[in-house]
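Here is a briefing on one protein model.

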Amino acid sequence: MAFQLTRTIRRVIAEAIDWWLLRRLNVAIRRGMTGEHWAWFAMAAGAYLIRRTRRRQPKPVVLSERLQTGQRLLLTIRSPEARATDEALPD
């Protein structure tokens with residue numbers, strides 16, 4: 001139960017921060033467009049970048065495994081259109 005409560009509180013705080021950043025973004029753009037000061041555009045750009053970073057979704061985890069001493073993990077990158085092969089990579 002405590003975990004769910006904490007998760008709810010975090011979501012409420014995150015929504016409040018998003019609302020605050022959006023408000024700052026709108027105010028900064030409006031004041032910059034009216035010619036008050038050029039720094040308002042800098043504030044708008046900063047608020048936009050922070051909002052974009054906060055809303056970015058995490059990338060999916062492909063493999064999560066603990067390696068034992070002496071084990072190796074070989075990663076290869078190939079074209080998705082290439083056929084599968086068991087040939088060894090050149091050294």
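The accessible surface of the chain comes to about 9,100 Å². Carbon and sulfur atoms account for 59% of that area. Accessible areas come from the Shrake-Rupley method with a 1.4 Å probe, and for residues only the protein chains shown count as cover. The model is predicted: local features need pLDDT of at least 70, side-chain atom pairs count only at pLDDT 80 or more, and totals for chains, interfaces and linings use all residues. Residues are numbered from 1 along each chain as its sequence is written, and side-chain values use heavy atoms, with hydrogens and water left out.

**Fold and burial**

- The chain has two helices and zero strands. Both element types are DSSP runs numbered from the N terminus: helices are H or I with at least four residues, strands are E with at least two.
- Of the 91 residues in the chain, 10% are buried. Buried means under 20% relative accessible area, exposed means over 50%, and partly exposed lies in between (1.4 Å probe, protein chains only).

**Helix α2**

- Helix α2 has 17 residues and should span 24 Å at 1.5 Å a residue. The expected span is 1.5 Å times one less than the number of residues.
- The end C-alpha atoms of α2 are 24 Å apart, which agrees with that expectation.
- The buried residues of α2 are A44, A47 and R51. They cover an arc of only 65° around the axis, so they sit on the same side of α2. The arc is that of the directions from the helix axis to the C-beta atoms.

**V27 and A44**

- V27 lies in helix α1. At 7% relative accessibility, V27 counts as buried.
- The C-alpha atoms of V27 and A44 are separated by 8.1 Å. Along the chain, V27 and A44 are 17 residues apart.

**Salt bridges**

- The structure holds three salt bridges. A salt bridge is a side-chain nitrogen of Lys or Arg within 4 Å of a carboxyl oxygen of Asp or Glu.
- D18 pairs with R54, and the closest N and O atoms are 3.2 Å apart. D18 lies in helix α1 (residues 2–33) and R54 in helix α2, so this pair ties together parts that are 36 residues apart in sequence.
- R55 also forms a salt bridge with D18, at 3.4 Å from N to O. R55 lies in helix α2 and D18 in helix α1, so this pair ties together parts that are 37 residues apart in sequence.
- E36 and R31 meet in a salt bridge at 4.0 Å, N to O. E36 is partly exposed, with a relative accessible area of 48%. R31 is partly exposed too, with a relative accessible area of 31%.
- Salt bridges that share partners join D18, R54 and R55 into one network.

- Is D18 buried or exposed? D18 is buried, with a relative accessible area of 16%.
- Which residues does D18 touch, not counting residues up to four places away in sequence? The contacts are R51, R54 and R55. Contact means heavy atoms within 4.5 Å.

**Nonpolar surface patch**

- V62, L63, L67, L73 and L75 form a nonpolar patch on the surface. Together these residues have about 560 Å² of accessible area.
- Patches are made of residues with over 30% relative accessible area and no salt bridge; like charges are joined within 9 Å, nonpolar side chains (Val, Leu, Ile, Met, Phe, Trp, Tyr) within 5 Å.
- L63 is found in the segment after α2 (39–55). At 51% relative accessibility, L63 counts as exposed.
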